[in-house]
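Q: Hi! Could you walk me through this structure before I start working with it?

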Amino acid sequence: MVKFSKELEAQLIPEWKDAFVNYWQLKKQVKKIMISRKPKHHAHDGNSSLHDFGRSIFDSIRSFTHKLHKPEVSQVKSIIKEGEDEGEQEEEEQEEITYETENELVQLFSEEDEVRLFFEMLDEELKKVNDFYKTKESEFLERGDILNKQLQILLDLKQVLSDRRRKTLGSRSGSGFFSRTHSSSGRNSDFSETPSEYCDSPTGTETISQTEEVIAALEKNGINFVNSASTRAKTKKGGKPKVAMRIDIPATTPTRTIAAVTSMLWEDLVNNPKKDGPREYVNKKKIQCAEKMIRSAFVELYRGLGLLKTYSSLNMVAFVKILKKFDKVAKQQASANYLKQVKRSHFISSDKVVRLMDEVESLFTQHFANSDRKKAMKFLRPQQNKESHMVTFFVGLFTGCFVTLFSVYAILAHLSGMFSPRTEAGYIETVYPVFSMFALLSLHLFMYGCNLFLWKSTRINYNFIFEFQPKTALKYRDAFLIGTCLMTSVVGALVVHLILLSSGFSPSQVDAIPGILLLIFLALLICPLNIFYRPTRFYFLKVIRNIICSPFYKVLMVDFFMADQLTSQIPLMRHLESSACYFLAGSFKTHGLPTCKSGRMYRELAYVISFAPYYWRAMQCARRWFDESDINHLANLGKYVSAMVAAGARLTYARQPESQLWLAIVLVTSVIATVYQLYWDFVKDWGFFNLKSKNLLLRDELILKNKSIYYASIALNLVLRVAWVETVMHFNVRLFESRLLEFFLASLEVIRRGHWNFYRLENEHLNNVGKFRAVKAVPLPFRETDSDS
């Protein structure tokens, strides 16, 4: 049977951990009561007086520190019956008692002192739980009221839109109602009418009156359309409306970003009050986007309410369990009386959360799921896919196949002399880029799988941080499966390629095998069929699109996190360039290898590829600064600019190895970029080197218990960051050893990035914990602004 302490640790909400009842501290206090019940034997009166003196001294110290560190609390009256008949003796639990440094002094306390202290701690924990629950409950209730108002505005606007459409179809003339302002992409939902609705459409006069009634109803609630008919009427009479309604759609796509930049000028042109006739600032696609935003907000509200409900039930069980332990140790029946007080507490007696959950379910089912409750529950309560043992089986199977095939490949390559000076040039230039590309990708997947495993083990909520869907999120076994399957396929193709070469086939016939393998994997990546993790593949392509189109897309955590991964995969992108040049240019037929090495376009493209990941990341920093106005993003942009300069200098020096000037430039730029990167890694990304921290050169909160791991990680990141020194050292080695060294250094950078990932997300998770942020804040579309703005 699992102990409740472990069960509580596994089920509690990580971001709210500090707000839960401190079950472990209360459990220690119960153990102190157990220790105080043990008989104490004193040799003589001198020891007894020492006992009294020590007890009074230590009691004074503890009461002083208790008042110093503990806030004043409202004690919950606990009634402990005295002189109760002790029931049958139960066997005490066989648990290990952790003796702290003060345990010897605990012997100086009487049992009554420890019991009193236990209930003081219990009262404080009960107050903490109640206060937190009230705070979160009020936040969610307020959010629920706001969402109800937003939903009502949405329904009224959809009615306006529907009435205007009926008028347009009835009069068969384009009224120009849909302004082209802020046109953006959105999901079509609940906007299609049946033919019968068009047949029974009201006349133009009736439609206008209905529309004006809806607008008037909105204005009664303090909301006016920008430049609506009534608004202009008030303005002509000299009155000014206090507020005006805006449909505020976040600029998350390129079209919305461009529209946001030109919105002020465009609104002045469209909403010109000199024009006749009402031109309400309502847009169909905007309403579609607004509906999607409100739907997401309802989903997050429901999730938050579910977490608060879990918080209430877990804390109640914790109080029950700790009081039962106290009854066993103290041989008293205090739990029943104290539990009455707990059950009367707000976090148990309040039913506002349950009623709000029922209301959200009803509204969501009615307005966002076409009254289909089963469909609504798929949004509100997404189920995670169960982990299959078949995934583990195939991971082991493909790992064994990879090791076997790689051993066969190494033996065949040695026997056939493929890496001899006579044949290594053509073979390495043909096969090495493809093999290295897939090997680096597989290594990155392996490191990501290790990250997922460690994040799950340490209860870092990576799904919430990255905003992954729980049902389709990749698990660590899946990452291992993709990596091992990839490498097994690649090494198998290399073995076939080598066997065909050894069998007498011409290189022009078999050298297409790596290219065909590359095309197969690219086709699988974009395959629309629901096979081989389609949601993950499409989400990956979406993130890559957002990165390439920076800064036009709004930058999310997953976007800049993936862009950071790309900065560590520049060698992979260079190998992709070599493979594309070699296979797509048709040089595999003539083996004109210099075509892809000495061409001007190829050489210039090498600079573009080396700069691209840093450029994308810099543009993301610029976009985040534009959205958030945080100067730290501009400082982060400078880090990637310095990395671009250093990468360009190293690439130029590699082509002019005899130039001492370029050597000096490489040293200066690389040192500056490395120091910049190390500072950002340790201070900004990991949160280390806090001089005021209770943990030397670290941060106050640490997830890993062993602090030495953090110091070792700092040293490892420092060493791997200076691996660029190899680029200025010229080793007299053959082509094969040179390529092997390049692959080794590229692998070290991938390992460094995987190592960096854990601490980066740990710091992000602890920031969420510090702010009790367990639910995503979804922006709402309708806001009120001054009419003059």
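Q: Great, what kind of model is it, and what was counted?
A: This is a predicted model, in which local features need pLDDT of at least 70, side-chain atom pairs count only at pLDDT 80 or more, and totals for chains, interfaces and linings use all residues. Residues are numbered from 1 along each chain as its sequence is written, and side-chain values use heavy atoms, with hydrogens and water left out.

Q: What is the mean pLDDT?
A: The mean is 78, and 72% of the residues reach 70 or more. pLDDT is the predictor's confidence in each residue, from 0 to 100.

Q: Where is the pLDDT below 50?
A: Residues 172-204 are one such stretch, with 64 contacts in the model beyond near neighbours in sequence. A contact means heavy atoms within 4.5 Å. Over residues 220-224 the pLDDT also stays under 50, and the model has 14 contacts beyond four places in sequence for them. Where pLDDT is low, the predicted coordinates should not be read in detail.

Q: Thanks. How many helices and strands are there?
A: The protein has 30 helices and two strands. Helices (H or I, at least four residues) and strands (E, at least two) are DSSP runs, numbered from the N terminus.

Q: And how much of the protein is buried?
A: Of its 789 residues, 46% count as buried. Buried means under 20% relative accessible area, exposed over 50%, and partly exposed in between (1.4 Å probe, protein chains only).

Q: Let's turn to helices. How many residues does α11 have?
A: Helix α11 (residues 284-330) has 47 residues and spans 69 Å from first C-alpha to last, close to the 69 Å expected at 1.5 Å a residue. The expected span is 1.5 Å times one less than the number of residues. In α11, 33 of the 47 residues are buried, so the helix is largely enclosed by the rest of the structure. Just after α11, lysine 331 has a positive phi of about 55 degrees.

Q: And α30?
A: Helix α30 covers residues 735-770, 36 residues in total, and reaches 53 Å between its end C-alphas, close to the expected 52 Å.

Q: Which one links distant parts of the chain?
A: Glutamate 467 and lysine 776 do, with their closest N and O atoms 3.6 Å apart. Glutamate 467 sits in the loop between α18 (462-466) and α19 (476-502), lysine 776 in the loop between α30 and β2 (782-786), and they are 309 residues apart. Glutamate 467 is partly exposed at 34% relative accessibility, and lysine 776 is partly exposed at 31%.

How values were computed:
Salt bridge = Lys/Arg side-chain N within 4 Å of Asp/Glu carboxyl O.
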